[in-house]
Amino acid sequence: MNNLADLVDRLAKSEVLAQSVEEATRQAAVLPVLDALGWDWRDLDEVAPEYVVRGGRVDYCLRTAGRTQVLVEVKRTGTDLDAHQEQLLR
């Protein structure tokens, strides 16, 4: 997990990421973190992007053995997440 700690530290210090849009956050932060945690984001059966759920979509659905384990919604860095609580609850 030392690599994960180093990655998170590097991301937290990134001035470029702090000014990036959501897609950049996905590519520069979320996918590398998923990779560091052992999720194969290249395998659509394991990490499904733009996954359809009731009331809309989430950015990623993490699955093992065909079963949903985690739903991930990505926002750009610096976003007030309180404004998105309703989306998360749906």
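I began with the largest nonpolar core, which has nine residues: Val-30, Leu-31, Leu-34, Trp-39, Val-47, Tyr-60, Leu-62, Val-72 and Val-74. I took such a core as a set of buried Ala, Val, Leu, Ile, Met, Phe, Trp, Tyr and Cys residues joined through side-chain atoms within 4.5 Å, with buried meaning under 20% relative accessible area (1.4 Å probe, protein chains only). Helix H3 (22-36) and strand E2 each supply at least two residues of this core, and H3 gives the most, with three residues.

I noted that this is a predicted model, in which local features need pLDDT of at least 70 and side-chain atom pairs count only at pLDDT 80 or more, while totals for chains, interfaces and linings use all residues. Residues are numbered from 1 along each chain as its sequence is written, and side-chain values use heavy atoms, with hydrogens and water left out.

I then looked up Leu-34, which, leaving aside its neighbours within four places in sequence, is in contact (heavy atoms within 4.5 Å) with Trp-39, Val-47 and Leu-62.

I turned to the strands, where helices (H or I, at least four residues) and strands (E, at least two) are DSSP runs numbered from the N terminus, and two strands pair if DSSP finds at least two bridges between them. Strand E1 (residues 47-53) runs antiparallel to E2 (residues 56-64), joined by six bridges, and Tyr-51 stands opposite Val-58 in E2. Two residues lie between the strands of this hairpin, where Gly-55 takes a positive phi near 80 degrees.

I followed E2 onward to strand E3 (residues 67-72), with which E2 pairs in the antiparallel sense over five bridges; Cys-61 has Leu-71 in E3 as its bridge partner. The hairpin of E2 and E3 also has two residues between its strands, and Ala-65 there takes a positive phi near 50 degrees.

Methods: Buried means under 20% relative accessible area, exposed over 50%, partly exposed in between (1.4 Å probe, protein chains only).
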